[in-house]
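Colleague: I would like to learn how to read salt bridges, cores and pockets in a model such as this one. Could you take me through them in turn?

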Amino acid sequence: MTSSSGRQETQEERADRQWSELLQELRVAQTGVQILFGFLLAVVFQSRFTELGDTDRTIYVVTVMLGSGTAATLIGPVSYHRLLTGRRMKPQTVIWASRLTVLGLVMLFCTMCSTLLLILRLSVENALALWLVGAMALWFVICWFVLPVWALARDRSGARDGEPRREP
């Protein structure tokens with residue numbers, strides 16, 4: 001069986017390959033999230049934490065909750081896979097795990113922006129902090145979402161024009 005990528009693989013083989021690729025991606029994201037979340041949890045035990053104003057405490061609570069939700073979402077595919085292993089549902093598992101991963105990346109984006117806002121509000125003027133967070137948020141969106149969508153659009157337009165697909 002030939003897949004759309006030109007490989008000779010069955011649906012199960014493709015699902016196995018996609019699952020393996022997804023696990024590699026999740027390892028990178030999960031490690032970063034777990035380290036960030038650990039640092040966020042430690043902040044409350046620092047002596048300066050008591051000096052935070054109400055707004056910064058609210059930002060902190062939102063950030064910790066986002067970090068917790070992000071960790072749960074990015075670890076979710078592992079649980080999903082483990083609970084469904086042996087039930088001949090690998091293709092469906094890959095689809096749902098991929099969806100959870102994309103949701104986890106969106107949540108990680110929010111967590112990173114919230115973390116930056118908290119740190120920068122303590123480091124520079126509030127207005128400058130907002131501009132810096134906005135600039136970094138734009139950079140994240142470009143790197144994580146715009147470039148892949150742009151590559152997909154280019155690939156689709158090339159396929160329509162009869163051009164061969166370009167390898168990176």
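This is a predicted model: local features need pLDDT of at least 70, side-chain atom pairs count only at pLDDT 80 or more; totals for chains, interfaces and linings use all residues.

Colleague: Which residues are linked with Arg17 and Glu21 in a network of salt bridges?

Modeller: Glu9 joins Arg17 and Glu21 in that network.

Colleague: How many salt bridges does the rule give in total, and which parts of the chain does the pair of Asp56 and Arg121 link?

Modeller: The count comes to five salt bridges. In the one between Asp56 and Arg121, the closest N and O atoms are 2.6 Å apart, and the pair links distant parts of the chain, since Asp56 lies in helix H2 and Arg121 in helix H3, 65 residues apart. Asp56 counts as buried because its relative accessibility is 9%, whereas Arg121, at 23%, counts as partly exposed. Another of the salt bridges joins the side chains of Lys90 and Asp16 at 2.7 Å, N to O, and this pair too links distant parts of the chain, with Lys90 in helix H3 and Asp16 in helix H1, 74 residues apart.

Colleague: How should I read a nonpolar core, and which residues have the most contacts inside the largest one?

Modeller: The general idea is that nonpolar side chains tend to be buried together in soluble globular proteins. Here the largest nonpolar core has 17 residues, and those with the most contacts inside it are Tyr60, Val64, Phe109, Cys113 and Val133. Helices H1, H2, H3 and H4 each supply at least two residues of this core, and H3 gives the most, with five. A second, separate core has 11 residues, among them Trp19, Ala29, Val33 and Leu74.

Colleague: What is Phe109 in contact with, once its neighbours within four places in sequence are left aside?

Modeller: Phe109 is then in contact with Ala137, Phe140, Val141 and Trp144.

Colleague: And what lines the second largest pocket?

Modeller: That pocket holds about 270 Å³ of space, and its lining includes Leu40, Phe49, Thr115 and Leu122. The largest share of the lining, five residues, comes from H3, and by type the lining residues divide into seven nonpolar, three polar and two charged.

Technical notes. Residues are numbered from 1 along each chain as its sequence is written. Side-chain values use heavy atoms; hydrogens and water are left out. A nonpolar core is a set of buried Ala, Val, Leu, Ile, Met, Phe, Trp, Tyr and Cys residues joined through side-chain atoms within 4.5 Å. Buried means under 20% relative accessible area, exposed over 50%, partly exposed in between (1.4 Å probe, protein chains only). Helices (H or I, at least four residues) and strands (E, at least two) are DSSP runs, numbered from the N terminus. Contact means heavy atoms within 4.5 Å. On a 1 Å grid over the protein atoms alone, a cavity is a set of points where a 1.4 Å probe fits but cannot get out, and a pocket is an open set with protein on both sides within 12 Å along at least five of seven lines; lining residues have an atom within 4 Å of a point. Grid points are joined across faces, edges and corners, and a volume is the space filled by probe spheres set on the points. Ala, Val, Leu, Ile, Met, Phe, Trp, Tyr, Cys and Pro count as nonpolar, Asp, Glu, Lys and Arg as charged, and the others, Gly among them, as polar. A salt bridge is a side-chain nitrogen of Lys or Arg within 4 Å of a carboxyl oxygen of Asp or Glu.
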